[in-house]
Amino acid sequence: MSELQDLYREVILDHNRQPRNFGELEPADRVIEGVNPLCGDRVTLYVKLDGDRVEDIRFKGTGCAISVASSSLMTERIKGSTISESLELFDKVHGMLTKGSDAPEDLDELGKLAALSGVREFPSRVKCASLSWHAMRTALTGPDDSVSTE
Ligand code: ZN
C-alpha cells in the first residue's frame, strides 16, 4: 500500500510543480471563479465548447499543492470529453473523495485521478481537491459563474 501512496504523492507533486493547461483562455465560452475559503484556494476556470464537447479547458489560480494538482489533473482529463462524460466523471471523482468508493474497477477507470483519493485521510483537504471539479460542473451546467466550497 505504501508503494501506491508514494506513486500518488509523486503524481500530486508533479502536477503541482508543472500544472497542465495553466493560463487564461481567450475567448472562453464559460469563465468560473472558484474559492475554497477554508484553505484559501482560488481557481479561475476557462472552458471553450465545441457543440457538446469540451474543446479546450484551462485554469489559473493560487492555492495549496492539492488544489493546483487537482485542477491540473482535472483539465488534462476533461479536455476533449463530452459534457455528459465530464459530468459522469465528476460524480465518480466526487464519490471517490467523499464516500470512499475505491473499488478496483473504479480506480482503474479513474487512472491518475486516483492519486487524489489520498485526501480522504485528511477531511479538511477534500475541499481543496474538489474545488476545481465543482467549478467544472458549474461551467458545464450553468448558469452560475462562481462556486464556493462553503
Ligand atoms: Zn487547499
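Which residue in E3 is the bridge partner of Arg 42?

Modeller: Thr 62 in E3 is the bridge partner of Arg 42. First, the ground rules. This is a predicted model, in which local features need pLDDT of at least 70, side-chain atom pairs count only at pLDDT 80 or more, and totals for chains, interfaces and linings use all residues. Residues are numbered from 1 along each chain as its sequence is written, and side-chain values use heavy atoms, without hydrogens and water.

Strands are DSSP runs of E, at least two residues, and helices are runs of H or I, at least four, numbered from the N terminus. Two strands pair if DSSP finds at least two bridges between them.

Now the strands. E1 (residues 30-36) runs antiparallel to E2 (residues 41-50), joined by 7 bridges. Val 31 faces Tyr 46 in E2 as its opposite number. The hairpin of E1 and E2 has 4 residues between the strands, and Gly 40 there has a positive phi near 90°. E2 also pairs with E3 (residues 53-62), antiparallel, over 9 bridges. Their hairpin has 2 residues between the strands, and Gly 51 in the turn has a positive phi of about 65°.

Cys 64 lies in the loop between E3 and helix H2 (65-78), while Cys 128 is in helix H5 (residues 126-141), 64 residues apart. Cys 64 counts as buried (under 20% relative accessible area; exposed is over 50%, partly exposed in between; 1.4 Å probe, protein chains only) because its relative accessibility is 15%. Cys 128 is buried too, at 1%.
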